[in-house]
Amino acid sequence: MSKPRVRFAPSPTGALHIGGLRTALYNYLFAKKMGGEFILRIEDTDQTRYVPGAEDYIMEALEWTGLALAESPKIGGDYGPYRQSERKSMYADFGHQLVKNNWAYYAFDTAEELDAERLKVESDGGTFSYNVHSRGNLKNSLTLGEKEVKALLDAGADFTIRLKCPADEIVYVEDIIRGRVEFQSNLLDDKVMLKSDGMPTYHLANVVDDYHMKITHVIRGEEWLPSTAHHVLLYRALGWEDQMPQFAHLPLILKPAPASYINPKKVDGLTEKFTSEFFKKHPDFTLKSKEQVYQMIRGILLDVKDISNRVQVKPKDKEDKIVIKEFLKSTLFGKLSKRDGDRLGFPVFPLSWQGEKADDHFTGFQEVGFDPKALLNFLAFLGWNPGTDQEIFSLEELVESFSLERIGKSGARFDYEKAKWFNQQYLIHGNDQEIAAQLKPMIEEKGWTASDEKLQKVASLFKERASFTKDIPDAALFLFTDDFSYDEKNGRKKWKAAHAEKNHALINILKETSDFSAENLETIIKGFIEENGLGFGDVMAPLRIAVSGKAGGPSLFDILALLGKEKTVDRLEKGYAHFASLQV
RNA sequence: GCUCCUGUAGAGUAAUCGGUUCAACUCGUCGCUCUUUCACAGCGGAGAUUGCGGGUUCGAAUCCCGUCAGGAGUACCA
């Protein structure tokens, strides 16, 4: 078998969503695993939705995560161009060929006419679809005479080309992930292939391009499954049936489970957000006051355990209730969206994005502090699993263990806690030198300085109590500056006036100590505690707070050693004086 | 409405294409151990009548039928 070729084909309508990144990942993994090629194609056939900067964003995101492309608009390749807008002429030719072979027809209905028709049918309780049943009554080359069609065409009338779906047939796809999926051709609508602006729709363009780019496997999101029937028909109509790629439709990435983020503590804030969102979405809603809506939403959120049931519309529900329930249902369940990120406070995009409008801005995984390797690892498990207990995988290991067959069919729920856990794992198992190198600019930005040696030590001491590298500078702030504040509550609690004298005696002992290594400090301090019949907490706790301001942190002896004698003694004197003053 | 997809503990998944065992593992949660503290680590607990109801079978999470729920699609968007 020849080398597989797979493509990632996003449209540049905005930043690349995390689901898109995961599609890219799976394409990449499959290609590498099979020794094939991973290529990028930009699907920009809708000029009205084109967003400047989106294409660059996509490529930057792929670069950041290390998903290397074999061919793309930027690096080129033997099957270019890789931007559909640059392949425009080609599609029109195939569109007309389709008509010539009686696999499609010209349709002259305007958008307004179709809307009117749709309205008419729906008012009679039906549903409008441009298909086998209705095409005989509409304005197209099937119903109009040959002459009339020619006249219209010659006169430059606007037209679209629509696929003529066959009657009474079962169209099927053998999906790698889902198995055989069947469709009744009578129910398929005659999708537009070529728009009146001369641009192809996604359906035509993607089939034509996949064929010409010799794509062997189409790995894409589940939202494409229903239209795959049309794609299968297209391959047949174009005479490429024997070269049709294999399909694999990926499960969706769903919003986090409500129970994972709704709790009594957060319910008020959440209710407020939901309520204002509700009125943004339904500005004309007057059935209930804002306060009433707030109370109703709050009541439902409070009952997290039964939330899916509470949100269900019951037959006796009145209209106001229905509207609110439907709103909650759609904001609580379903596909992960950008809004979820805003609302719940986690990134949904790999990199930060600034659109043309000021409020079209959001932060990405990168800015939050994620290691791209951890992100990829996390994403890989959203829908796929290796069948073993191993969870931490390098990209290479992912390639090695990956297979399309092990991708699940059901939607994968986004779990931000798990994402953070992955990042922490990478941090803990990361190399101290590398972490120190990342730390350096962060430290400098805060106006501090530190030797590489010290930064490495800090990395090793602090990495296992942080989720992100960028959390470390703040956690270790007292090692870089004297300008830190005390945990007053614990300072007051841990400082015992009764032991004040002895604690001050320890300062004097430390003053006399020449060997300020962690090991030596440990023997000295532990010795002191024993000799004086004190508890560890009596001495260690105030010591820690005086020196670091905090009640928790890495081994105290390591910290003192890192701080050095002078600073240690100085801080103890200041700190103990401060604690004593709190005792009033 | 119609079409298609999906339904295993709070979450992510597993269970060699019906068959030993308490339905397994990870995250989260709770507790214990370790420790001056926080974290890491280790150990343990709670949490699932495998959406529900039937059926086939000696035996079903796995097969069949029904039903409910959720999602996606239903554009001259991708």
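Predicted model: local features only at pLDDT ≥ 70, side-chain atom pairs only at ≥ 80, totals over all residues.
This section describes the fold of chain A and then some of its local features.

Along the principal axes, the C-alpha atoms occupy a box of roughly 110 × 60 × 45 Å. Buried residues account for 48% of the 584 residues. Of the contacts between residues at least 6 apart in sequence, 73% link residues at least 24 apart.

The chain carries 77 positive and 88 negative side chains. The centres of these two sets are 4 Å apart.

The domain assignment gives domain 1 (87-250), domain 2 (258-333), domain 3 (432-479) and domain 4 (488-582). The centres of domain 2 and domain 4, taken over C-alpha atoms, are separated by 53 Å.

Helix H19 spans residues 452-462. Its buried residues are Lys 454, Leu 455, Val 458, Ala 459, Leu 461 and Phe 462. In an α-helix, residues three or four places apart point the same way, because each turn takes 3.6 residues. The cover over the buried residues of H19 includes helix H18 (432-445), helix H20 (472-475) and helix H25 (556-563).

Thr 568 belongs to helix H26, residues 565-582. Its relative accessible area is 0%, so Thr 568 is buried. Leaving aside residues up to four places away in sequence, Thr 568 touches Leu 510, Phe 516, Val 547, Leu 560 and Leu 563.

The peptide bond from Gly 80 to Pro 81 is cis, and its omega is near -5°. Pro 81 sits in the loop between helix H2 (54-65) and helix H3 (88-100).

Asn 102 is not a glycine, yet has a positive phi of about 65°. This residue lies in the loop between H3 and strand S3 (104-107). With a relative accessible area of 47%, Asn 102 is partly exposed. Lys 214 also has a positive phi, near 55°, and is likewise a residue other than glycine. The loop that holds Lys 214 runs between helix H6 (202-212) and strand S8 (217-221).

Methods: Residues numbered from 1 in each chain as written. Chains lettered and ligands numbered in written order. Heavy atoms only, no water. Buried < 20%, exposed > 50% of the residue type's maximum accessible area, 1.4 Å probe, protein only. Contact = heavy atoms within 4.5 Å. Lys, Arg positive; Asp, Glu negative; His and termini not counted. Charge placed at Lys NZ, Arg CZ, Asp CG, Glu CD. Domains from an automatic or database assignment. Helix = DSSP H or I, 4+ residues; strand = E, 2+ residues; numbered from the N terminus.
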